[in-house]
Amino acid sequence: MIGIDLVHIPEFTTQLANGDEAFLRRAFRAEELQRREPVHLAGLWAAKEAVLKAAGLQPGQWLEIMITHDAKGRPSANVHGATFELSIAHHGEYAVAVAQGVSA
């Protein structure tokens, strides 16, 4: 139960500009949109795609994934009661995320 995804930030920023609010509503929950900077959202998008792969979800089920951060800023995701640890990184024009399912 491991997934990884890489996002090209300039391409993602263009996608945000073209999709506007409709894209954001299809891809992110309201709680995830507290910070709307493209670099931050690109990291969340990479995390959602990584979780999608790790959880075996179908493309388009992004709202099934809830990404949160603990008091120390560590990200994790919840999907139908399953928890996934996340690592999100940004460098230059890229954001990358790795998701790993946590054993119960």
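How many strands does the open sheet have, and in what order do they stand? The sheet has 5 strands in the order 1-5-4-3-2, with antiparallel pairing.

1. Basis of the note. The structure is a predicted model, in which local features need pLDDT of at least 70 and side-chain atom pairs count only at pLDDT 80 or more, while totals for chains, interfaces and linings use all residues. Residues are numbered from 1 along each chain as its sequence is written, and side-chain values use heavy atoms, with hydrogens and water left out.

2. Helices (H or I, at least four residues) and strands (E, at least two) are DSSP runs numbered from the N terminus, and two strands pair if DSSP finds at least two bridges between them. Strand 1 and strand 2 (65-69) are the edge strands, each pairing on one side only. On average, neighbouring strands of this sheet are turned by 25 degrees against each other, direction ignored.

3. Strand 1 and its two faces.

4. Strand 1 against strand 5. Strand 1 and strand 5 (residues 94-101) run antiparallel and are joined by 7 bridges. In strand 5, A95 is the bridge partner of V7, and V96 is that of L6. Strand 5 has a covered face made of A95, A97, A99 and G101; its uncovered face holds Y94, V96, V98 and Q100.

5. Residue H8. H8 lies in strand 1 and counts as partly exposed, at 26% relative accessibility. Leaving aside neighbours within four places in sequence, H8 is in contact (heavy atoms within 4.5 Å) with E93 and Y94. The C-alpha atoms of H8 and Q61 are separated by 21 Å, and the two residues are 53 residues apart along the chain.

6. The other strand pairs. Strand 2 and strand 3 (residues 75-79) run antiparallel, with 5 bridges between them; A77 in strand 3 is the bridge partner of I67. A further 4 bridges join strand 3 to strand 4, which also run antiparallel, and N78 stands opposite T83 in strand 4. Strand 4 and strand 5 pair in the antiparallel sense over 8 bridges, with E85 opposite Q100 in strand 5.

7. Helix 1 against helix 2. Helix 1 (residues 9-27) and helix 2 (residues 38-55) pack at an angle of about 75 degrees, with their axes 10 Å apart. Axes are lines fitted to C-alpha atoms, for helices over the stretch in contact, and angles run from 0 to 180 degrees between N-to-C directions. The two helices are therefore roughly perpendicular to each other (under 35 degrees counts as roughly parallel, over 145 as roughly antiparallel, 65 to 115 as roughly perpendicular and the rest as oblique). The contact is made by I9, F12, T13, L16, F23, L24 and A27 of helix 1 and by P38, V39, L41, A42, W45 and K48 of helix 2.

8. Helix 2 by itself. The 18 residues of helix 2 reach 25 Å from the first C-alpha to the last, close to the 26 Å expected at 1.5 Å a residue; the expected span is 1.5 Å times one less than the number of residues. Helix 2 is mostly covered, with 14 of its 18 residues buried. Just after helix 2, G56 takes a positive phi of about 75 degrees.

9. Most residues other than glycine have a negative phi. H80, although not a glycine, has a positive phi of about 50 degrees. Where is H80 found? H80 is in the loop between strand 3 and strand 4, a hairpin with 2 residues between the strands. H80 is exposed, with a relative accessible area of 62%. The hairpin of strand 4 and strand 5 also has 2 residues between the strands, and G92 in its turn has a positive phi of about 55 degrees.

Conventions:
Buried means under 20% relative accessible area, exposed over 50%, partly exposed in between (1.4 Å probe, protein chains only).
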